[in-house]
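Q: Can you walk me through this one? Keep it brisk, please.

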Amino acid sequence: MTTSGNVIRQYVQDGNEYRIAAAVQEYNGSGIAINDIQPVGAPSGISTEIYWMLAVNSAANSSGELGAGADAVTSPVAVFNVNAGNTAQAGRVSARSRSRSTGIVTFYAITTVGSVSYTLRSNGFNDYTVPRLNGA
């Protein structure tokens with residue numbers, strides 16, 4: 001697979017599962033309203049199950065949420081909540097979510113109170129559109 005700049009991305013394939021050699025940072029910031037993206041680490045034009053790494057860092061007394069999915073507004077599949085008490089918190093979680101038939105994913109990063117930073121990375125995808133034998 002290549003990017004829009006014709007950079008070839010390195011994947012390891014096992015059956016229908018593709019793991020990208022170096023996770024792609026899709027978003028890094030302090031918050032964003034609901035937004036549609038075409039993940040760099042997944043193909044466009046087809047629906048796939050995307051593998052995510054969600055990371056959240058929060059200051060003390062902060063709270064927020066990072067979510068991604070085909071329709072993250074009504075049913076976010078990959079969600080990371082943080083609700084820090086008196087001390088700062090940091091954490092990561094792996095998740096999977098399906099893209100729409102166009103390959104687009106909706107995501108958001110919302111800080112309810114305090115200071116929270118969010119990182120959304122794609123790690124690969126499952127191309128279940130064409131069944132393959134393992135190792136094929």
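A: Read along the sequence, the pattern is β-β-β-β-β-β-β-β-β. That comes to zero helices and nine strands. Helices (H or I, at least four residues) and strands (E, at least two) are DSSP runs, numbered from the N terminus.

Q: What kind of model is it, and how are residues numbered?
A: This is a predicted model: local features need pLDDT of at least 70, side-chain atom pairs count only at pLDDT 80 or more, and totals for chains, interfaces and linings use all residues. Residues are numbered from 1 along each chain as its sequence is written, and side-chain values use heavy atoms, with hydrogens and water left out.

Q: How much of the protein is buried?
A: Of its 136 residues, 41% count as buried. Buried means under 20% relative accessible area, exposed over 50%, partly exposed in between (1.4 Å probe, protein chains only).

Q: And what share of contacts is between residues 24 or more positions apart?
A: Such pairs make up 79% of the contacts with a separation of 6 or more. A contact means heavy atoms within 4.5 Å.

Q: Which residues have the most contacts inside the largest nonpolar core?
A: Tyr27, Trp52, Leu54, Leu66, Phe107, Tyr118 and Leu120, in a core of 21 residues. A nonpolar core is a set of buried Ala, Val, Leu, Ile, Met, Phe, Trp, Tyr and Cys residues joined through side-chain atoms within 4.5 Å.

Q: Which strands each supply at least two residues of this core?
A: Strands E2 (17-29), E4 (49-58), E5 (63-69), E8 (105-113) and E9 (116-126).

Q: How many aromatic pairs are there?
A: Two. Rings of Phe, Tyr and Trp (its six-membered ring) pair if their centres lie within 6.5 Å; planes under 30 degrees apart count as stacked, over 60 as edge-to-face and the rest as tilted.

Q: What about Tyr18 and Phe125?
A: Their ring centres are 4.7 Å apart and their planes are at 10 degrees, so the pair is stacked. Tyr18 sits in strand E2 and Phe125 in strand E9, 107 residues apart. Tyr18 and Phe125 are both buried.

Q: And Tyr27 with Phe107?
A: Here the centres are 5.4 Å apart with planes at 55 degrees, so this pair is tilted. Tyr27 in strand E2 and Phe107 in strand E8 are 80 residues apart. Tyr27 and Phe107 are both buried.

Q: Switching to charges: how many salt bridges?
A: Four in the whole structure. A salt bridge is a side-chain nitrogen of Lys or Arg within 4 Å of a carboxyl oxygen of Asp or Glu.

Q: Which partners does Glu17 have?
A: Arg19, at 3.6 Å, N to O, and Arg96, at 3.8 Å, N to O. Glu17 lies in strand E2 and Arg96 in strand E7 (residues 89-98), so that pair ties together parts 79 residues apart in sequence.

Q: Where do Asp36 and Arg100 lie?
A: Asp36 is in strand E3 (residues 32-37) and Arg100 in the loop between E7 and E8, so the pair ties together parts 64 residues apart in sequence. Their closest N and O atoms are 2.8 Å apart, in a salt bridge.

Q: Which residues form one network?
A: Glu17, Arg19, Glu49 and Arg96, joined by salt bridges that share partners.

Q: Last one: what is the phi of Asn61?
A: Positive, about 55 degrees, although Asn61 is not a glycine. Asn61 is in the loop between E4 and E5. With 49% relative accessibility, Asn61 counts as partly exposed.
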